[in-house]
Amino acid sequence: VSATITKRMRDRLAAPVVAVYWGALVVGLVLYSTTRSDPEALGAVWAGALVGTALGQGLALRNVRGWFAAAVFALGALVLAPILAVGGAPSVLWQVLVPAALCGFLSLGERTAAAAFWFPAMTCMLTVVDRLDGDAVEATMDARAFVVLGGVAAGFLALLWTAERRRLALFARVGAAPVVSGRAARLREPAGRTVARAGWWAAVAASTLALTAWVAPHLWQAETLRGERVTEFADGVGVGMRGALPCCPLVTAEAPRVRVREFLDVAHGVERPPARVGVNCLACDPDWRLFAAGGAGAATAPIAATTAPAAAAHAPGDVAPLPALSEAPAPPQAPTPTVAPPEPPPPVPTPPVVPAAPTVAEPPPVAPSPAPPAPQPTAARPVAAPMHAAPPRAPADASALVHLLVTLLVGAAMFVVATLALRPLRRAITLRHLVRPYWAESLEQRVSNLWQLALVGLRDAGWCARAGEQPEELARRVGVDGVGACAAVLERARHGLGLDEGDLAKMAAAADGAYRAARVKLGLFARAAAAVRWPLT
Amino acid sequence: VRRAVRIATLFAPSLAAWAVVHGALPETRQDPLTRAGVAALVPLFCVMAAALLVRAVEAAGARRSWLEALDILTAPGRALVWTAAVATVGAALVGWASLAVLGLLGLGVVYVLVTWTALVAAGEEPWRGLDVARAFAPAIAVEGDVVREQLTVAGLRIPAGFRLIVRGGVPRHTATAYVLAGDAAGEVSLEAELGPARRGDFDVAPAELWLQDVFGLCRTRVQRLGAAHLTVLPRTVGIDALAAIAGARGDDADSAPARVLPTEGCFRLRAYAPGDDARRIHWVRSLMARELVVRLPDELPPEQPAVRMILDTQLVGAATLPTPATGQLCDALVRVWLSAGQALSAAGVRVTMVAAIGDRVVEKPMAPQSSGALLKLGAQAAWQAATPIEALFADGARTVIVSARPRPLDSTATWIVVPEFVWTDAEPPPLRDAWTTLPYPAGAADNRWLRRRHEKQAHERMRRAGVVFDQLLQWSDGPHLEGSFVARPRGVRVALEAIS
């Protein structure tokens with residue numbers, strides 16, 4: 001710490017940056033937590049993010065050099081990783097801890113605050129991309145995603161703003177050459193500055209968010225993962241017998257998931273129906289790109305490439321249950337309502353119904369077989385086909401929280417609007433009291449009230465009283481009619497000289513005149529800005 | 001070259017990132033991205049480029065550097081551009097959505113703010129009608145007093161989204177910095193304490209003003225307004241053992257008899273008494289009084305001893321040495337010179353203060369009515385190389401020289417030596433950076449490697465200047481030091497110790 005800044009002041013200057021960073025981080029983690037149901041991984045993410053951020057910012061506040069901080073991180077990882085691994089800590093802990101520490105450290109750097117915002121933004125983006133279809137991001141972006149994205153943009157601007165304030169405060173206090181920070185006092189201020197500032201902030205935030213929301217999704221990339229193994233009835237094809245009735249065969253296959261790629265491998269994405277050759281897709285040729293380009297494939301090129309393993313889970317044309325399943329067979333269940341009641345196979349089977357996959361380009365309908373498929377040997381056995389319940393997948397839905405956030409935002413906006421709307425009334429009541437008190441007041445107090453009335457008029461015109469400025473000085477400086485007379489009477493009252501009703505009447509006339517004279521040149525906008533200004537002087 | 005690199009940062013990283021993104025994404029995704037980019041970014045990019053072009057042409061028309069008009073990104077702004085470009089490229093290569101958001105947020109903010117800066121702040125509009133009045137309180141300070149810098153900025157118009165930064169200060173004092181938020185407009189008063197005043201007659205350079213956006217990404221060119229003048233008078237102190245100076249030559253008790261004859265002047269009168277010298281009869285008064293009146297010779301006081309007190313500021317090369325020791329020693333010389341003169345005058349010695357100010361020799365008698373002028377003279381005193389000390393001598397006068405560098409002279413003089421090592425601060429050690437910690441709080445701009453290197457170089461120059469100053473002031477024993485004194489600080493006073 002240099003000679004002109006104490007440790008306490010250094011920490012005080014860093015506090016807004018730390019607060020904004022932690023706010024964005026915690027909000028991102030809370031939103032993320034609402035979408036997860038795996039407590040172990042969730043705890044690891046929380047622990048890694050919080051501990052890492054605290055460690056990084058703690059080292060930055062100790063003015064530690066970057067290489068030394070990196071060495072501390074690496075040493076800590078080397079020492080703790082084996083211990084935690086033995087204890088069963090998930091790998092996501094380290095996946096989160098290291099970048100959290102790095103970004104926490106960078107958040108207090110001079111030019112690295114923006115780069116450091118990647119980590120809180122990433123935690124928020126986990127919620128945004130959690131339910132997105134990686135192949136159709138624009139189509140699946142909902143209001144929730146835009147709200148969170150707006151929050152990310154606001155957090156980014158807030159971090160830049162606080163980091164710049166801290167940088168300027170340090171610029172005015174520490175450095176190679178001794179420097180002192182000066183004080184500023186407004187003497188005169190044009191009307192409407194607050195409105196202009198608020199409008200500027202809104203415009204910058206909106207334009208930044210719009211640019212980001214418009215362009216950034218085009219940079220997001222999809223990835224397709226092995227999905228959960230699901231077992232369901234074959235679509236519309238009845239084979240086999242259960243008792244006297246034919247039953248539909250069960251198919252076990254993997255339903256791939258398509259999602260937007262992100263640093264942490266936790267997003268759900270959108271589940272696709274299992275690929276069934278001859279049902280909802282065609283077998284990939286070696287030159288499958290031709291299919292993709294020609295639109296003949298069941299999926300676009302990258303998906304086709306990545307769904308190949310899933311499609312290979314069962315042989316082409318295999319509609320029988322796959323035998324090698326680790327889970328215990330579920331008791332036979334009645335066919336689900338979605339399955340047509342067992343009937344004799346119609347002479348002409350209905351076209352296969354592809355399970356709902358709204359975001360995937362529908363493949364050209366597979367030409368129905370002219371004849372029902374031949375019964376498989378296994379389906380002819382008089383045993384019920386094993387049915388497996390789909391693995392539980394009940395991720396929480398964050399829509400309630402987002403709705404709450406939106407409600408809070410709207411409520412806050414309404415509160416601000418209501419407060420602004422009530423300010424003219426508040427001003428009118430106050431001015432009425434200054435001119436004619438609602439209750440009995442002493443002569444000196446009424447003189448003071450009338451002086452405040454003159455000050456309100458001067459403030460409307462932009463004149464500000466300097467700290468410690470005497471009334472006579474102010475009157476000379478502003479040169480507004482009536483202020484000098486007010487100042488003279490006020491000085492007498494302050495010095496305990498005798499006042500009478502005549503002085504009060506004179507003061508009232510002068511204050512009223514000063515109030516009007518100061519406001520006489522105000523335009524409509526300035527008068528409107530003055531009506532909603534608070535405090536009045 | 002560095003300015004060109006800074007200007008190139010406006011365009012090069014984003015264009016490079018765009019090229020990499022196009023190359024990295026599959027063809028099926030390039031069309032939507034291109035459409036979004038063309039629709040969202042290209043118009044903003046065009047507006048930004050057009051605004052900057054207008055500002056550059058405007059600057060060229062005003063005979064200013066057109067490159068200066070384009071050099072509007074600050075160091076954090078350039079860092080953000082590069083960060084955003086790298087994040088965008090990273091998003092295309094590794095596909096993380098958060099990188100894309102960070103990159104687009106960063107580029108969006110920079111584009112918007114550069115455009116806004118070029119449109120509303122980079123021209124002359126915010127400075128039109130701006131009036132900066134600068135003063136110091138007190139206007140004429142005395143060494144050691146607390147001095148405050150006061151600026152009044154009138155006609156101020158800070159565009160929305162900007163801050164006004166003002167940097168001032170006085171040479172040999174601390175620099176001052178003011179940060180005015182956007183709500184400070186119209187008329188603003190700024191005030192900062194400069195700390196203890198240091199002697200000198202300063203022509204203070206204008207304050208530097210510039211606008212910077214609230215995110216610290218863009219700034220305008222620097223305006224220099226509000227030159228001022230500050231005079232800090234030397235502070236005189238008490239001198240111990242001063243009688244030794246007057247008696248240094250052993251002739252302080254000798255009086256110079258007045259050369260007045262009994263027939264001259266006007267003396268005490270009385271009536272004639274028998275036995276009085278007839279030549280003492282005042283005939284005119286006798287006629288008026290109608291009796292004989294004689295005049296009596298009154299006692300004539302011996303003349304006060306006279307001393308010529310010379311301030312020796314002749315030292316070739318000292319004025320340009322970048323070390324604070326030069327100023328500190330000159331302050332001490334002036335302080336001792338004035339204090340000794342005042343003390344001698346109070347002791348009944350007629351003192352003539354002599355100093356070389358610039359290229360002229362100034363002589364002033366030390367008298368109550370001339371103390372103000374002498375203090376101003378002391379404020380103006382500085383190291384000079386033009387006037388040799390012999391030029392300050394006068395024939396036959398007893399001479400006392402206040403100097404830091406006694407040397408043999410043709411004339412006889414008493415030296416009051418102000419040793420450099422006593423009156424100046426010790427040389428600071430070389431700057432050494434700790435291996436593990438930064439020299440300034442994390443986030444301070446002076447932690448940058450380049451600035452730190454400049455600071456170390458400046459520090460090293462200062463240390464070497466201190467050594468050179470030491471060598472310039474070296475003095476040796478000799479007969480010229482006989483009867484001389486060394487001035488040492490003793491609390492708030494100065495003690496004179498005879499050199500024996």
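Start in chain B of this predicted model and select helix 12 (residues 449-472), where E455(B) and R452(B) sit 3 residues apart, which means about one helical turn separates them. Show both side chains: E455(B) and R452(B) form a salt bridge, with the closest N and O atoms 2.9 Å apart. Colour by accessibility next. E455(B) has a relative accessible area of 14% and is buried, and R452(B), at 8%, is buried as well.

- Secondary structure: chain B has 12 helices and 20 strands.
- Extent: along the principal axes, the C-alpha atoms of chain B fill a box of roughly 140 × 55 × 35 Å.
- Radius of gyration: the value for chain B is 36 Å, whereas a compact globule of 500 residues would have one near 23 Å.
- Burial: of the 500 residues in chain B, 51% are buried.
- Contacts: counting those in chain B between residues at least 6 apart in sequence, 69% join residues at least 24 apart.
- Surface: chain B has an accessible surface of about 23,000 Å², and carbon and sulfur atoms account for 57% of that.
- Charge: chain B has 52 positive and 48 negative charges, and their mean positions are 5 Å apart.

Move to chain A and select helix 8 (residues 143-171). R167(A) and E164(A) both lie in this helix, 3 residues apart, about one turn. Their side chains meet in a salt bridge, at 3.0 Å from N to O. Are these two residues buried or exposed? R167(A) is buried at 13% relative accessible area, and E164(A) is buried at 2%.

For the last stop, select D503(A) and R492(A). The side chains of D503(A) and R492(A) meet in a salt bridge, at 3.4 Å from N to O. This pair links distant parts of the chain, 11 residues apart: D503(A) is in helix 16 (residues 501-519) of chain A and R492(A) is in helix 15 (residues 483-494) of chain A. D503(A) is buried, with 13% relative accessibility, while R492(A) is partly exposed, with a relative accessible area of 32%.

Terms used:
Residues are numbered from 1 along each chain as its sequence is written. Chains are lettered from A and ligands numbered from 1 in the order in which they are written. This is a predicted model: local features need pLDDT of at least 70, side-chain atom pairs count only at pLDDT 80 or more; totals for chains, interfaces and linings use all residues. Side-chain values use heavy atoms; hydrogens and water are left out. A salt bridge is a side-chain nitrogen of Lys or Arg within 4 Å of a carboxyl oxygen of Asp or Glu. Helices (H or I, at least four residues) and strands (E, at least two) are DSSP runs, numbered from the N terminus. Buried means under 20% relative accessible area, exposed over 50%, partly exposed in between (1.4 Å probe, protein chains only). The radius of gyration is taken over C-alpha atoms; the globule rule is 2.2 Å times the number of residues to the power 0.38. Contact means heavy atoms within 4.5 Å. Accessible areas come from the Shrake-Rupley method with a 1.4 Å probe; for residues, only the protein chains shown count as cover. Lys and Arg count as positive and Asp and Glu as negative; His and the chain ends are not counted. The place of a charge is taken as NZ of Lys, CZ of Arg, CG of Asp or CD of Glu.
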